[in-house]
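Please open the model in your viewer and keep a selection tool at hand. The tour below moves from one selection to the next and says what is to be found at each stop.

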Amino acid sequence: MGEAAAARDRLRRGIGPRYSGALHFAFTSAVALAVIALALSRLRSPSAPELLRGLSLIHERHALQHHAFFTAADMQIDSRRDFKMVLFPPVLVVFFFGLFAVPIGFALRFASGPNVAALFVATSMGYFLLYEWLHLAYHLPVPLPGIERLRIHHKTHHDPRFMTRSNFNITFPICDAIFGTRAA
């Protein structure tokens, strides 16, 4: 048994019998979509500068478990139970919303108005959700059409020769291009 296979076996043993990959995915999606809808419902005729301020990218690193579970040679999930090794823990969507998006949203509301705050919260949660969806899609056994280049970009990041120095941005690899961290 190879090192990656041993890591998968060890990590799968830590997934409780009541864990549901489908429920995990549905919870993360539902909470993020609800936050996005609420934030967007608060918008009132946003101006161009307000729209531009809400477009910040957030860089999240992969957990060490994720990189032990998925290697460049073995990127695919085997079942929905493996979602646990791809998706952020459900509590993180609450943390991300409650301790990141909302406090910064309130600060922006006081500094720049309710539109900037609502746009920031919606954009932040939208990015979080898009990250989750695309990241899961990269690890599906059957590639989804239209994302093959992003999937390869992410697979390269899982290669031990590159993972600590390239292909960090898996949703929008713009920063990898700008900072020269995109592996060919």
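Begin by selecting F172, I174, I178 and F179, which together make a nonpolar surface patch of about 450 Å². Such patches are made of residues with over 30% relative accessible area and no salt bridge, like charges being joined within 9 Å and nonpolar side chains (Val, Leu, Ile, Met, Phe, Trp, Tyr) within 5 Å, and the accessible areas come from the Shrake-Rupley method with a 1.4 Å probe, only the protein chains shown counting as cover for residues. I178 counts as exposed because its relative accessibility is 59%, where exposed means over 50%, buried under 20% and partly exposed in between (1.4 Å probe, protein chains only).

Before going further, note that this is a predicted model, in which local features need pLDDT of at least 70 and side-chain atom pairs count only at pLDDT 80 or more, while totals for chains, interfaces and linings use all residues. Residues are numbered from 1 along each chain as its sequence is written, and side-chain values use heavy atoms, with hydrogens and water left out.

Where pLDDT is low, the predicted coordinates should not be read in detail.

Next, select V121, M125, F128, Y131, Y138 and I147, which touch the most other members among the 20 residues of the largest nonpolar core. A nonpolar core is a set of buried Ala, Val, Leu, Ile, Met, Phe, Trp, Tyr and Cys residues joined through side-chain atoms within 4.5 Å. The largest share of this core, 10 residues, comes from α6. A second, separate core of 12 residues includes L11, I77, F83 and L87.

Centre the view on I147, in the loop between α6 (114-138) and α7 (148-157). I147 counts as buried because its relative accessibility is 14%, and, leaving aside residues up to four places away in sequence, it touches L134, A137 and Y138.

Now turn to the salt bridges, of which the structure holds five; each is a side-chain nitrogen of Lys or Arg within 4 Å of a carboxyl oxygen of Asp or Glu. R8 forms one with D78, the closest N and O atoms being 3.3 Å apart, and this pair links distant parts of the chain, R8 in helix α1 and D78 in the loop between α4 and α5, 70 residues apart. R12 also forms a salt bridge with D78, at 2.8 Å between the closest N and O atoms. R12 lies in helix α1, so this pair ties together parts that are 66 residues apart in sequence. Salt bridges that share partners join R8, R12, D74, D78 and D82 into one network.

Finish at N167, in the loop between α7 and α8, where phi is near 55 degrees, a positive value in a residue other than glycine.

Notes:
Helix = DSSP H or I, 4+ residues; strand = E, 2+ residues; numbered from the N terminus. Contact = heavy atoms within 4.5 Å.
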